[in-house]
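Please keep the sequence and the 3D view open while reading.

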Amino acid sequence: MTRSQLVDRFSELGVRPGEVLLVQASLRALGPVAGGGDTVVAALLEVLGPRGTLVAYTSTPENSSTSRLVTTMMRGWTPEQVSAWRAAMPPFDPDETPASPTVGRLSELVRTHPGALRSSHPQSSFAAVGARAEEITELHELTCHLGERSPLGRMYEIGARVLTIGVPMAKFTAFHLADLRVPDGRVRHYGCVVRDGEGGRWIHFDGPHLDDLHFQELGDEVLRVATGVVEARIGGADCRLIPMREAVDLAVPVLLRRRGTAPPE
């Protein structure tokens, strides 16, 4: 596919000039694109126009002592191996630390795009390009992760939409915001490395327990009743354009019922 073809397809799907768009993409699912992922980013920015804003989740679960990715990696390690790994972990730098491969190549391309801004959270950052990039990324409290005082919370307030390109609802990042709106959520202890002068240091803090193992089932329920979702196939990818506010608002009562804190409808 060419840039002009992608521009046409994204426009036909319903991406609008001037909106805030969180993109979650599998470039592999999309298929061959002339110029690769850079062309996809360029096409999205062209459709959004100068008043629009493109956002990507640029998380770094590798910078953690407790993430599922790290604990799985460390299975069978000796205490000496764990100590060596901790000592070698580079500190998080919003301008330099790459986005995790687990969130897809497109996130890193948004992070490194000229003029991109990135939030400061050492484990769950977002990068944004466009008119409202600073507004979206400027507040990201350490103990909040993906709650109200994060770029995700700000995008909800703005009325952003989410474009998924070949990504299942099992990875729909905005559902974390719904999770954190349910009372009595679990809390866990986190550790990560942040910059301290010329080097780095480990810091530890308590924050909400983040888990996405229930997202696919939650997404299936939300999609059955959502009215603002648009679907289309672009290249080899099944794509969805989803209003973030509607998805989160529909997910919260589902989660409340599952946890027994709200009566069934």
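Does Leu44 count as buried or exposed? Leu44 has 0% relative accessibility, so it counts as buried. Here buried means under 20% relative accessible area, exposed means over 50%, and partly exposed lies in between (1.4 Å probe, protein chains only).

This is a predicted model: local features need pLDDT of at least 70, side-chain atom pairs count only at pLDDT 80 or more, and totals for chains, interfaces and linings use all residues. Residues are numbered from 1 along each chain as its sequence is written, and side-chain values use heavy atoms, with hydrogens and water left out.

Leu44 sits in helix α3 (residues 37-48). Helices (H or I, at least four residues) and strands (E, at least two) are DSSP runs, numbered from the N terminus. Not counting residues up to four places away in sequence, Leu44 touches Phe10, Leu21, Val23, Leu54 and Leu163. Contact means heavy atoms within 4.5 Å. From Leu44 to Val23 the C-alpha distance is 9.3 Å, at 21 residues apart in sequence.

Thr39 also lies in helix α3. At 11% relative accessibility, Thr39 counts as buried. Leaving aside neighbours within four places in sequence, Thr39 is in contact with Thr2, Arg3, Leu6, Val33 and Ala34.

## Aromatic pairs

How many aromatic pairs does the structure hold? There are five. Rings of Phe, Tyr and Trp (its six-membered ring) pair if their centres lie within 6.5 Å; planes under 30 degrees apart count as stacked, over 60 as edge-to-face and the rest as tilted.

Take Tyr57 and Phe126. Their ring centres are 4.8 Å apart and their planes stand at 35°, so this pair is tilted. Tyr57 belongs to strand β2 (residues 53-57) and Phe126 to strand β4 (residues 126-130). The pair links distant parts of the chain, 69 residues apart. Tyr57 and Phe126 are both buried.

Trp85 and Trp202 form a tilted pair, with 5.9 Å centre to centre and 55° between the planes. Trp85 is in helix α5 (residues 79-88) and Trp202 in strand β7 (residues 199-208), so the pair ties together parts 117 residues apart in sequence. Trp85 counts as buried at 15% relative accessibility. Elsewhere, ring pairs link Phe172, Phe175 and Phe215 into a cluster.

## Charges over rings

Which ring does the charged end of Arg86 sit over? The ring is that of Trp202, with the charged end 4.1 Å from its centre. A charge sits over a ring if NZ of Lys or CZ of Arg is within 6 Å of the ring centre and within 35 degrees of the ring normal. The charged end of Arg245 sits over the ring of Tyr156, 5.5 Å from its centre.

The axes of helix α10 (residues 215-225) and helix α11 (residues 244-258) come within 9 Å and cross at roughly 125°. That makes α10 oblique to α11. Axes are lines fitted to C-alpha atoms, for helices over the stretch in contact, and angles run from 0 to 180 degrees between N-to-C directions. Angles under 35 degrees count as roughly parallel, over 145 as roughly antiparallel, 65 to 115 as roughly perpendicular and the rest as oblique. Residues of α10 that meet α11 include Leu218, Val222 and Val225. On the α11 side, Leu250, Val254 and Leu255 are among them.

Helix α8 (residues 151-158) and α11 have axes that come within 8 Å and cross at roughly 105°. The two helices, α8 and α11, are therefore roughly perpendicular to each other. Leu152, Met155, Tyr156, Glu157 and Ile158 in α8 meet Met244, Arg245, Val248 and Asp249 in α11.

His145 lies in the loop between α7 (133-137) and α8. Its phi is near 60°, a positive value in a residue other than glycine. At 1% relative accessibility, His145 counts as buried.

Ala226 is in the loop between α10 and β8 (230-234). Ala226 counts as buried at 18% relative accessibility. Not counting residues up to four places away in sequence, Ala226 touches Glu246 and Leu250.

Leu27 is placed in helix α2 (residues 27-30). At 22% relative accessibility, Leu27 counts as partly exposed. Its contacts, not counting residues up to four places away in sequence, are Gly37, Val40, Arg105, Leu106 and Leu109.
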